[in-house]
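Dear colleague,

Please find below the structure that I am handing over to you, with its sequence. My findings follow directly after it.

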Amino acid sequence: MAQFKQWALEYVLADDEPVKLQLTKKAAKGKRHSTRLPYDSRASSTVVGNWAASVHQWMTLTHSNDDDQLEDEDERANGDIVSRAKALGFLAGTLEALDKTILRPDQGLTILVQRLIGFFGAMFSYDHKAGITASAKALRQLYSMKNFKPEMGIKVLEDVSKLKEDFRLQTAVTRLELYELFLSLVEDPAVSSELQHKYGSSCGFALDLLQLCSSERDPRNLMIWFKIIRRLLTEFSPSPEVTEEIFKAFSAYFPISLRSSATPIGITAEDLKEAVRNCFSSHQRVAPFAFPFLMQKLDQGDAVTVAVKVDILRTIKACIEEYENPQASVVPYIKKIWGSLKYEVRNGEVKESIDATIEVLRAIARKLDGSKTHKHEVTLLKNYIDLVFGDCKDDLSNPTYTKQAGLLLLTVVTASIKGYVFYNASFIDIIRQNLRQPKSPTHTRDLLLLVNSILKTRIELFKNRKVGHPDDEEQLRSEPRTHLVSLFHDVYLPIWTGKASESDSKESDVLKQVALGLGLLVSQQALDTKGEVSLLCSGAICFEICNLLTVTLVKPLTLSSNDNQSQDATLEDDVVLALRTIIMSYTDGYGHILKPARKEIQKRDWTGPSEYSLEALKILLSRLAFIGCSEIPTQVKSDTEPEHPYSPLRHYDAWLRTLVYLFPLSAQSLTANSYILSSLHASVIWFRDACEARYGTGALAQYSNSDKNWLAEFEQLPGTFFSQAEGQSILPDEVASSFGEDDPETYLQFLRLSLFIVRGFYKGANSEAPWSEQALVQLAQTAALVVRSLDEKLQVSCNLAREAFSLFKTSEDKPCASPLSVAEKFICDTSDLGSSPRASDIKAAVGAIYSNKYPAGPAASEEYQTLKRGLEFWTNYIKNAVRSSDIDSGSFHSFTNVAMHTVAGAVARQEKFVLDLIPILHEAAASPSPNGEIVARSMGILVQPNSEVLNKESHANIKRFYKQWAYNFLVRPLYDLARPGSDKDPKATARYSIMILSVIKNCPFTVYQDDLESLLRLLVTALSNKKDDSVLSEEAAQAQVIAALEILVDILANEPSALKGFLKEIISGTTKVYQESATSNKTLHKTLTTCRKLSLQVLGALPKTFEERYLLSFSRPTQRMLASACGDPVRKVREAARSARANWAKVV
């Protein structure tokens, strides 16, 4: 006992929590050692008694009823409150540290737990000031022990309830301990059963808890209190009177809000609202109190804010969804709910409250319909829909309320399949009657929008028919459909025919709804008696609708530019969307669209087309590509025999065949021909995106080991196959129909088909009419997209390396020994580089691929030697050409572009033989000739080549740290050479500096951070060089300044402290750069604008980075300069100046 007393004394005197924790662990360990087997229960009782008695000296208590005796009158009688609290904390902490399995039920120590519960429970009667928190913790620990019995839970609740009014005087933390104790007890099935057995429907313990906790305001405590209340309502059987008292307890908080607090508590207002809402919806026994209460709150009119109204509506919805037995819990209140809510939609203006109201009305319909496992009596749903119909149907004839009334009817009718089947015919009939005598075009539009909404909702109901109850599908089999099929001839067609020639914007809105409705109508599906799915409309109706809309689609091509000014382009966009919707189900429809469009294109003379005709052609082709290729069609049976078996690629195949048939439109109109290939590129993009959306981006992974040679298969086809007669499919029917719409092989076959088309166009391509550079570029982009989508093994098996250089020509057309030798010959040919910048860019891209993708192999191999020859050719060529006076700067720039990209491809894969070429490049860059500047400025390409060529998507070989590798060998040796000196050539040092900066600006900060000191000297020199004293051309000097400023921005973002010793030079240098860029000639306008903007960005970042004491001496002149910069003629520069000026204004 002495040991326990010593530990208790040390605990009471300690202030540090770690010390207290160690003492409780010691006490727990002492108890554990005293209860090891073999044990004596009397000895264990003695140990527990000694442990409890160790705090006796602090337990001199005054009964709580002795109200006439004040604490400050007899402190000895009351004892030290703080010490007593700590003493009880020692006991509670010991229990918390104790292994809960020590006091096992078979040890006969249950009586000890009961006594401890009695001891700590007594604290709630005698010690409201000191012992509550510790006692609550102790009781929670005792509850978790295996010796705890259900009847002990009742004792705990009774003891704690004795706090009564003193409960609210406890701290929030103390109350939290008690709430968690209450929740543990009521969630324990054994304790709950014992409570139910003892109290029955009177739930006396619940009333005690309500009295105890009714004044709670702390958010954390409320969250647990609401859980307790929900548990009381769901797991116990309180009488109506007790239920009402419980309801009053939580409804008093509604609507609940949360005050803003500087200290985050991890609980939001939405959390509290959801917790209260769960209380309302906890059980149907709350319904008689909940619905009248909520409706009374809702009917307060303008006194209710939007947020509160939405909260009320969401609570009503939760109650409807959660209550069981709707006939007793929901039906009695439907008329009252409907009477209030209909005006929220009919006269409402706030979208949030209207949406919440609609959700409530839909929830009622679904609740009355039933669940997935049980359907309710049909009269419940019918009575509800009849109630809504009776109040809303007359409003459909009033343009003011048509949209609102239609929304209400649509909500309740389409909430379930049963409601839709029973009422959609009468609903559509009412709309049809009003469409016969519309009050205005807006009225017609709203009625059509309502019909379209019914059709759209029907699609969703049909799609989800198997998700619900089995009776739902049976209902759809027997639904009446005549009224739906007749919509085309009775509603849509008359309106379209009557308004198609009118140009008024309101009439155009009507036509848009007709177009969208026609798309939805064709997409409708039906179930026959056998459960098979087919199109609702006949093939004849679908064909007629396609023709009707296609006329509008191709109409702009038939008009002149003056005639088409009155046409609404948005109507054409809606027609496009409608046609795409149609052909996703009616697969024959795309052929019906393409045929008249193709004829309309071909009958025009494209020899000398106008700008309007070319634009109309471009738009039509892009729309046709979107209609047929942006989604994968669905297989749905029709009443007519399809022209071809179903295939996911059917539309794509038909579109490709159309493009082949149309090309070329004219040998004279190269632009029109390029538009055909542009639409090919667009269609490949559309269908690729559709495949990825349907099958996922990794769908091709399962075919990654394919070794098929598609190009060899293409060679076996007849020579006229590519240009065969129109209407024939490229893919044979047996191949096209061998995979379904959900089969990922669709993606693979799409690529195969695309490769075939690209190959076919390339085989007929040349540099003469009807081919133009624009057309060849479009074809090249399409080919790159297709090839890039293939995995590496398939590229190899198709021998695409060779085909790329032969442009898919056969060996008889253009024989070649090996891809690598062809590539070498192509790369090393300089004869055509001076023709155009594009020729240089193309050869540069090929060179980068050439040096990056071909495996070098062993040093003695042919591949290695070929690659090495190609790289050495260009480095030596640059070395020799840089000194030549016969090559102008423009041509030399083209040569340098190719050379640098070719070397860059090898740098990206860290080819070691590149290291032998670096000294040659250094020498060329340092050459005193003007071309040396071009080499120096182009060195950055080595670490930042064309991203469209060298990227992971194109299967480029890019090592993770290649920039660091290149920096070490390419830049680091140059720092000493770039440092100015009396014994050095100024031109050489300047070009070394350009070379360093051009590489570093394309590297991440981590690459060069170890050399900041040397680099900063170069940056300062670059900024401070006087324009008149520069040994560089103006273009090179500006490029050097831009690179220096970009690097400074990067350093400021990563390690600004490195600039502290250079602030004077940086501020004066950037100021000089801005002033010189603002006054220089305008031939380099874009470059000078970039200089001014970057210099202001650097200046503006300094006050945000450094303390005022470092900048104060520069503040006044800098602010004067920035004030002047705010008048810069370029907007983006002015924005940077204003931002910098605001930052420097704080430096005072």
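In what follows, a residue is called buried when its relative accessible area is under 20%. Please bear in mind that this is a predicted model.

By that criterion, R432 is buried, because its relative accessible area is 10%. R432 belongs to helix 22, which spans residues 417–436. Once residues up to four places away in sequence are set aside, R432 touches H483, S486, L487, D490 and V491.

The overall picture is as follows. The protein contains 56 helices and two strands. Of its 1148 residues, 52% are buried. Among contacts in the protein with a separation of 6 or more, 76% are between residues 24 or more positions apart.

Helix 28 covers residues 539–558 and helix 29 covers residues 569–585; their axes come within 10 Å and cross at roughly 140°. Angles over 145 degrees would count as roughly antiparallel, and those from 65 to 115 as roughly perpendicular. Helix 28 and helix 29 are therefore oblique to each other. The crossing in which helix 28 passes helix 29 is left-handed. On the side of helix 28, the contact is made by I545, C546, L549, T550, T552, L553 and P556. Helix 29 contributes E572, V575, V576, A578, L579 and I582. Sorted by class, this contact between helix 28 and helix 29 comprises 10 nonpolar residues, two polar residues and one charged residue.

Which helix holds F626? F626 lies in helix 31, formed by residues 611–629. Is F626 buried or exposed? With a relative accessible area of 16%, F626 is buried, because the cut-off for that class is under 20%. Apart from neighbours within four places in sequence, F626 is in contact with V576, L577, R580 and W686. One of these partners, V576, is also among the residues of helix 29 that make the contact with helix 28. Finally, F626 and S679 are 53 residues apart in sequence, and their C-alpha atoms are 9.2 Å apart in space.

With kind regards

Terms used:
Residues are numbered from 1 along each chain as its sequence is written. This is a predicted model: local features need pLDDT of at least 70, side-chain atom pairs count only at pLDDT 80 or more; totals for chains, interfaces and linings use all residues. Side-chain values use heavy atoms; hydrogens and water are left out. Axes are lines fitted to C-alpha atoms, for helices over the stretch in contact, and angles run from 0 to 180 degrees between N-to-C directions. Helices (H or I, at least four residues) and strands (E, at least two) are DSSP runs, numbered from the N terminus. Angles under 35 degrees count as roughly parallel, over 145 as roughly antiparallel, 65 to 115 as roughly perpendicular and the rest as oblique. A crossing is left-handed if the near helix is turned anticlockwise from the far one by less than a right angle, and right-handed if clockwise. Contact means heavy atoms within 4.5 Å. Ala, Val, Leu, Ile, Met, Phe, Trp, Tyr, Cys and Pro count as nonpolar, Asp, Glu, Lys and Arg as charged, and the others, Gly among them, as polar. Buried means under 20% relative accessible area, exposed over 50%, partly exposed in between (1.4 Å probe, protein chains only).
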